[in-house]
Structures are given as structure tokens and as C-alpha cells.
Number of protein chains: 2
Amino acid sequence: MSVTAAQGFTAAGIAAGIKANGNPDLALVVNNGPRLAAAGVFTSNRVKAAPVHWSEQVMRGGAVSAVILNSGGANACTGPKGFQDTHATAEKVAATLNGLGPGAEHNAGEIAVASTGLIGVPLPMDKLLPGVDAAAAALSADGGEAAAIAIKTTDTVHKTAVVTRDGWTVGGMAKGAGMLAPGLATMLVVLTTDADVDSAGLDKALRAATRTTFDRIDSDGCMSTNDTVLLLASGASGQVPAYDEFAEAVRAVCDDLARQLIGDAEGASKDIRIEVIGAVNEDDAVEVGRSIARNNLLKCAIHGEDPNWGRVLSAIGTTKASFDPDRLNVAINGIWVCKNGSVGQDRDLVSMKDREVRITADLATGSESAVIWANDLTAEYVHENSAYSS
Amino acid sequence: MSVTAAQGFTAAGIAAGIKANGNPDLALVVNNGPRLAAAGVFTSNRVKAAPVHWSEQVMRGGAVSAVILNSGGANACTGPKGFQDTHATAEKVAATLNGLGPGAEHNAGEIAVASTGLIGVPLPMDKLLPGVDAAAAALSADGGEAAAIAIKTTDTVHKTAVVTRDGWTVGGMAKGAGMLAPGLATMLVVLTTDADVDSAGLDKALRAATRTTFDRIDSDGCMSTNDTVLLLASGASGQVPAYDEFAEAVRAVCDDLARQLIGDAEGASKDIRIEVIGAVNEDDAVEVGRSIARNNLLKCAIHGEDPNWGRVLSAIGTTKASFDPDRLNVAINGIWVCKNGSVGQDRDLVSMKDREVRITADLATGSESAVIWANDLTAEYVHENSAYSS
């Protein structure tokens, strides 16, 4: 049901010819109101794609009437022409939607744009702009699935999630299968809700949700130039949920989508749940979790189903977190293979056959914790990413 | 010629049975004086192996009469017993050398110990201690080569380097083929000189040398628990070099050995020389260089001979260095494929057939620079490190 699960939204996904293989590559999501409230979170990479620069400006107004998303090209590192292309796309969407007949008046300053694909290649505007016409013509209240399919790059499956509460719904779609790292990932996410929430409420709920979901998945340590997570509210349900209830629903959808991203990461054979416990504060727990998540030697060991806890300790040792090396404990799939910084339970007790592997790192200095999700490192990852642009 | 190129040193390398495959695994280097000056640099990982804790204490005295090194086991994360084993090894070396007959009086407090191999596995002391007798019996002024061979783990070749100046020599050996990352690497390095230099002079020259050599190679971003670089001076040449001249010679040997480590990194098919120029200061240049060196997606692209400069920009964008994204320039093997943050020269002009690949990242904000060496990421790396401990 994706972005059209909530009332007040239409969507479409079509093949505009941006991808050479003819697969769907252009998605359009329209908020038909009555509200046009919106919030967004973007990559923290300082090298940002043109559509990120554009959409960040759009978000300052707190209103979004439509989102146009393309796969097949990131429009990153494309200079002033790239920004002009993004601007022209937003203008084209506004004009096309206004041409559909009477109704909401669209203007380019309320059209968010998102792109994903190869960096450093200009978008084929001769294909993208006519594609906007085709996408607008295909808009429907059932178009969420097609939109989710059209934003895929190396994703093997499209990702959607929906939660329904007391008369209102939060739903969404996500793409992302590589370059997954905090801040956020090569991910495009559009969430919609028919709850009646203003842009300040959306912004607060979205930031709280991404902080502990998308920002805590780390497939390969590589931060993208294009990450965009948008939350649009139509208010069409007429329901005004309590903030906490709404924030929980947004978090649930983000958590579901984030888990799907890890489960479909490029070349991965394992999903690694890293829980850091016993930290003096959450920042320490996150720092240690990320360090473990990014250790290539450990990621190889997990791939080989080798409970190599020494590599976990090596990774912890590179952080500035509070801990005593002689008090560290590590469990892999529930077996405490390292106790007090040294050999613990028999490593042969650890079974790692399942796709999900659980690592627990106990810093033994406090009571705070955090969970980071990561993937293993495989020959398939190397293969997929050494051949990507050729 | 290795550690016995300089006068005043004897060495040996033997098979003590620590490695199951019967390969050499125990090296002994003895300084026969007249000086016993020494300096050391150790891993900055907070999880340190027992021999690192021991040798750091030994270095405080500024005198080392012998170094015992084993491969086949890191003696890291082995608890109090691991430290007792290191201590017992040093005591055994002192007693054994004293038993060889009249001459220098050895004591355990001047015996450095270094270990390398798997973390979290106790050393087989029943094999190591008798091995000390065998190593002592094999000591010779030609033993440097055998010592260099005995410290290998996954190294495919042993690494030695020697420079000779005006009547004095600096030589050394190194091992290390994985976990290579700043601070320092899974590397054991022993350098010897017959120049007459006190421990303060050795320490200053060694720290200056490692800062721009071993600390700027980053094969896989993983920092070890055991890294040890020692410099011993016998004074046997009777020559007292000027500090600058001595420091340059130490740096030349370190640079040679560091380059050999990158050239033999586990599973690597490319050596990547990353030069960051146009930085406002050296710290910025090093931060950017390390970020590029550790980007898995870029490392895969280099493996695939794909001049994917977008991944270089993505990596630069994650740093705090001073730069304007729209002024960044990137050359790969001399072709400026990215100019002013956007598409530059035709990427098809870039040839990447050779093992050495040169990336130049121009931050265009200053005049400082730094060079970091890295390796590509390959299926062989994954294979070697997913099967290592099994």
C-alpha cells in the first residue's frame, strides 16, 4: 500500500527511459490535501546532490504538494547544470499537475525532488521531462506500489510499510541497497500520513524516528550524497493524534523499512544486529556499535560464520567510549565467548547458520544501550560494486 | 640483511611448533652493544595485547638487550595468564642468553616481547619456551633473514630494508599483511642501527618516521591490538651521526618497509597512492586521505579498474576538513576526471591496468598535502579473512 495507504495521496511509477534497461525509473507522489504539511531529513554528507539542495529549500516552507523521484541517475556532482535540471523538473511537475484540471494550485517551490543512481552523470532531461507527463497521467490512489518499484536501483525487492491507528494511517516506501550508512544511506524514503499534523509536528516526529532507525543501519560505512527521507501529511482523515502516539507510528514504519533495507543490502548474506549494552551514555553505545559495524575483518568473519570475538574487541578498542579493556564482555548469538576481556564460553557453542547474527557488546561501565544493524562483507558485494558503473 | 645489517646484532629465526604447519614462528634479535639504547612505538588501540603492555614498560628504561618475537598467536585478550606468559618468556630469554657464557648481563626488564597471530588464544608455552633455547643456539650475525621469515603470518614474502650512510647502518624487518591501519597495523617491525645514538634520539627519530610512514598506510581500516615498532642502537660503529641525517635514514627504512607491507596486503590486487593536496593544514589532508582510503565502495571500484570519482567525492564529503564542494578536483592516474566538484576530463582516458593507482584529491583551499597508501577490496580479501581462524 506504500505511500497511498493514507487517504489524500495519489502516486504513480513509470518507465521514462532514464534506465537503459527499460525498468521503471520515475515515481510521482501527490498530496491532495486538505493539508500540505511536510518535513524532511537529508544526508549529512557535505557533498550533496542537486535534488538535496533543492528539497532542503522546499522544506523550509513546511509545505509539499508533490514529490518527484527518479532512479537511474543521482544528479550529484553535476554542477550548476544539475541544479538547473532539478529546478526544471519541479517546474515541469507543477505545470503538469496544474494542467490536469481544477483543484490545488501547485507551484515549483512546493515540489520536492529526489534522485538516486550513479554520481557524476547528468540526467537525461529529454527523457525525464516527458516522463513527468506519463507519471501524472498514471496517478492513482492505488499507485503506491508502482511508485515503490520505480525508485529501485540495485534493490532486489521494493520496500513498503504501513501502520494504521485510530482512524489514521502512516505508510511509506523506501529504496536503498548499498552505500548504507548513518547520515543516512543511499536511501530515498517517502512517508505519508492522513493524520492532521502540522509541519513542526512532522519534523519532530521524523527526526526522532530517523535518529534511532535509518541512522542506525550501516551496511558498508559509505555515506551517500542523495539520502532523503520525507514525511507528508494530508490531514485527510480529519484525525489529530496525540504527539507520542503519532511519533511511535512514524518510528514503527521507519524501523520496518530500515530493517528491510538491511535485509536487501548488496551482496550481503548476513544481517548483523549489534547491541551495545552497559555504556555510560547512548553516544558511547552508538560510537562502539558503529565501530563494530564497520570493521571489515569482523564482517568477513561473520560471513564465514566464524565467531571471531577478537575482532569485536579490536573494533571497540579504537573508540573513545568509556570502558576498561579487562571488563569487556561479548556474546555472539547468546554465547558469551568473551568475558572480562578474555576467553569466555566455548566458541564452538555458537551457531551462525541463520541469516541474522546477534552480537552483544557489554562495556560494563553503565546502563545505556543502542542497537546498530549491519551486514557482512562478501565476494558478491565486491563483485557488485566493482562492476557498478561499467 | 635485515636486523643484522648493522654491527653489534645477532639474530635467529626457528620453528618452535607454535604454528601447526611447522613453519618458522620464533625470532630472536640480540643487541651485543656496546650501547643498549632503544625506542618503541605501539598500537593506539585501547585493547592491547599482553606483549604490548610488557614492552611499553620495558621501553621506559630506554634499554633493550634483546627482542623475542613469535608468530602463530597474538597473546591478545588472554587475561592475566597472557601477561604472565609474556613475563615468563622475557625471563626465559634473559636466563638463556646469560647461560650462553660470559658477556653482557641480560635481565628480563630489558627484553622486549612481540607477538602476532590470532587474538584470544593462549600461547602454547610448552613449545615457545623450549623454542627460546633453540633460537638462542641459532643466533648469528647472519641471522637477520631467518628472523624476518619467522615473524611472517599471512605475509607471502618477508620484508627487510637497509640503508647505509657514512660508516653506519640502519636496517630492519617487518611483518604485516592484514589489519593494516593507522595506529599502526598488525605489524611487527624491528629496526637496528650501529650508530651511536641515545634512547632519546632514537625515540625522536622513530616517532617522526612512523608518523609519515607506517601511520599513513591503511590497507583495510582495521587497527590491531599488537602493533609494535622497535628501534635498537648498538653504537658498534662508533659513529655519531647528526640528528637530521640519522632521522632521514630511519625514515627511509620505515618508508621502504611500509611500502612493502601495502604491496603484500591480504588479497589485494591494487596499491592505491592517495595524495591530498590544497589542504589548509596537514591534519585536514590526512583526515581526507584516510576517509578516501577506507571507502569500501571506492576500494571495490578501484579493484574493478573503474575510475569512479563520485565515490571519492562522497568520501571527502564525510570529513570535517575545510573545502568547498564546488571547488573539489580529483585526478585518477593523472587524469582530472572531476573539476570544480563536477564532471571533468573524460573518464575513458584513465588507464588502471597497473597495480599502482594514483588518486589526487585537491581541496583547493590551501597548500598543505599528505600521502596515504591503501589497497583495493577484493573477493580474495573476503575469502582470506572469512576463513582465517577456522
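Let's start inside chain A: across the interface of domain 1 and domain 2 of chain A, 8 residue pairs are in polar contact, both partners at pLDDT 80 or more. A polar contact here is a pair of N or O atoms within 3.5 Å; within protein, one must be able to donate a hydrogen and the other to accept it, and residues adjacent in sequence count only if both atoms are side-chain atoms. Helices (H or I, at least four residues) and strands (E, at least two) are DSSP runs, numbered from the N terminus. The largest share of that side, 3 residues, comes from α6(A). By class, the domain 1 side has 4 nonpolar, 5 polar and 6 charged residues. For those classes, Ala, Val, Leu, Ile, Met, Phe, Trp, Tyr, Cys and Pro count as nonpolar, Asp, Glu, Lys and Arg as charged, and the others, Gly among them, as polar.

A word on the ground rules. This is a predicted model, where local features need pLDDT of at least 70 and side-chain atom pairs count only at pLDDT 80 or more, while totals for chains, interfaces and linings use all residues. Residues are numbered from 1 along each chain as its sequence is written, chains are lettered from A and ligands numbered from 1 in the order in which they are written, and side-chain values use heavy atoms, with hydrogens and water left out.

Back to the domains: domain 1 covers 2-263 and domain 2 covers 271-386 of chain A, with bounds from an automatic or database domain assignment. Their C-alpha centres lie 33 Å apart. In contact terms (heavy atoms within 4.5 Å), 15 residues of domain 1 meet 17 residues of domain 2 in chain A. About 1,300 Å² is buried between these two domains, with carbon and sulfur atoms giving 39%; buried area is the accessible area (1.4 Å probe) that two parts lose on being put together, summed over both. There are also 4 salt bridges between the two domains of chain A, each a side-chain nitrogen of Lys or Arg within 4 Å of a carboxyl oxygen of Asp or Glu. The side chains of A:E356 and A:R259 meet in a salt bridge at 3.2 Å, N to O.

Now for the pair of chains. A rotation of 180 degrees with 0.0 Å of shift along its axis puts chain B on chain A with an RMSD of 0.0 Å, fitted by least squares on the C-alpha atoms of residues with pLDDT of at least 70 in both. The two copies are thus related as by a two-fold rotation axis. In chain B, the C-alpha nearest that axis belongs to B:A379, 2.1 Å away. Between the chains the salt bridge count is 0, but 15 residue pairs are in polar contact.

Finally, some backbone details. A cis peptide bond joins A:G33 and A:P34, with omega about 15 degrees, and A:P34 is in the loop between β2 (26-31) and β3 (37-42) of chain A. A:N75 has a positive phi near 50 degrees without being a glycine. Most residues other than glycine have a negative phi, and most peptide bonds are trans.
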